[in-house]
Amino acid sequence: MTDLRPSTKSFLRALNREPVSPPPCWLMRQAGRYLPEYRAVRASVSGFLELCYSPEKAAEVTLQPLRRYGFDAAILFSDILVVPDGLGQAVTFREGEGPSLKPIRTSKDLDALSLDAFQDRLQPVFQTVERLHRDIPPSTALIGFAGAPWTVATYMVEGSGSKDFVQTKIMAYERPDLFQRLIDLLVQATGDYLIKQIDHGAEAIQLFDSWAGVLPEDQFAKWVIEPTRHLVERLRSSRPGIPIIGFPRGAGALYQQFVDGTGIDGVSLDTSIPLDWAVKTLQSKTTLQGNLDPVMVVAGGQALDAAVDRILRICGNGPFIFNLGHGILPNTPPENVARLVERVRRRS
Ligand code: CP3
């Protein structure tokens, strides 16, 4: 049962559009290679996905940054690519090279994917959520997540990371029927997956659309907004009261269509978004989250202080969650993260 009493968790209150001062703070990729204690756990497994599928270890690395910094939210430790892996398109991560998958290019490739074993394969992730639900501090919110269909589809079609997404775009433009089948499958699988995360204890959801910014306007409507809207509608009707944050990274002025078209509760701003514009255009409709340049946290010092202060000054008078504009970088000094968190907390 969803608990509909007012929350004492500042992160959930901000998503409920309540004024919270100082604003809640968490950082994308807050669990990761910049922390020596993460690297130690990572060294105890052979592959990255093995870490995602080991509930005890995945829960441990989720909690590590909370112990150091007391963030207001924890994000489940997993990866967006467990969804294709669960559908039967095996994913491997090679050291320093990123993900590798056997690319989907034809309807026959698509036929090989299946929802039959999906929930069973991802059972370890749900066990991680269950442990976290039990173990996180009472004032910390637990965020579940998935990749948005478009971004997950780019990895499935390219077979790896990409700079130009030519194969994926060719399929979307030349064979929209085929590409729609892939997107529909991802909407279904991702919805099932997120509902399970919620049922095991996730209190909010973030949808990562890291490559939303590479599509022209009409294609953005079709492959970013539409599938996201379907997911939001399904989650809203089946698990009411669970807030959803969208992250259409790189979407520029299309952030506005994204917010209007999907109805999400919060929007994560990438580093390039002008904040005065976001406050004026978006903040009356949705909670803003973001958008410190991750490189500022590598730089540290007074440049970091000034950048934090500027974001708080512009965004901090309405519903707002402090975060980065993209994930924290592996070469970030952990003490700079401490400095950032103290700076945000000083504000009241
Ligand atoms: O703290 C957290 O944010 C929790 C976990 C998390 C990871 N990946 C762990 C991870 C989350 C939310 C993600 C999301 C994710 N994964 C995205 C969307 C956000 C974004 O960064 O744009 C994407 C595109 C992926 C796919 C992915 N995972 C790639 C391309 C790579 C390789 C590049 C890299 O950074 O190494 C990963 C690996 C990955 N996912 C790592 C971590 C901590 C590093 C791998 C390792 O520790 O060996």
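Gln197 touches Leu76, Phe126, Val129, Gly144, Phe145, Ala202 and Ile205, leaving aside residues up to four places away in sequence. Keep in mind that this is a predicted model.

Where does Gln197 sit? Its place is in helix H11, residues 176-199. Buried or exposed? Gln197 is buried: its relative accessible area is 0%, and the cut-off for buried is under 20%.

Now one partner from that contact list, Phe145. A polar atom of the Gln197 side chain lies 3.0 Å from the backbone nitrogen of Phe145. That is a polar contact, since the limit is within 3.5 Å.

On to the ligand. The space it takes is the largest pocket. How many residues surround the ligand? There are 22. The closest are Arg29, Tyr38, Arg42, Asp79 and Ser210.

Which elements supply the shell? Helix H2, residues 36-43, gives at least two residues of it. Strand E3, residues 98-101, also gives at least two.

Next, the polar pairs. Start with Ser210. An N or O atom in the Ser210 side chain is 2.5 Å from an oxygen atom of the ligand. Then Asp79. Then Arg33. One of its polar side-chain atoms lies 2.8 Å from a ligand oxygen atom.

What does the protein do to the ligand's surface? Taken alone, the ligand exposes 870 Å². The protein buries 87% of that.

How values were computed. Residues are numbered from 1 along each chain as its sequence is written. This is a predicted model: local features need pLDDT of at least 70, side-chain atom pairs count only at pLDDT 80 or more; totals for chains, interfaces and linings use all residues. Side-chain values use heavy atoms; hydrogens and water are left out. Helices (H or I, at least four residues) and strands (E, at least two) are DSSP runs, numbered from the N terminus. Buried means under 20% relative accessible area, exposed over 50%, partly exposed in between (1.4 Å probe, protein chains only). A polar contact is a pair of N or O atoms within 3.5 Å; within protein, one must be able to donate a hydrogen and the other to accept it, and residues adjacent in sequence count only if both atoms are side-chain atoms. Contact means heavy atoms within 4.5 Å. A residue is near a molecule or strand if one of its heavy atoms lies within 4 Å of it. Accessible areas come from the Shrake-Rupley method with a 1.4 Å probe; for residues, only the protein chains shown count as cover. On a 1 Å grid over the protein atoms alone, a cavity is a set of points where a 1.4 Å probe fits but cannot get out, and a pocket is an open set with protein on both sides within 12 Å along at least five of seven lines; lining residues have an atom within 4 Å of a point. A molecule sits in a cavity or pocket if more than half of its atoms lie within 2 Å of its grid points.
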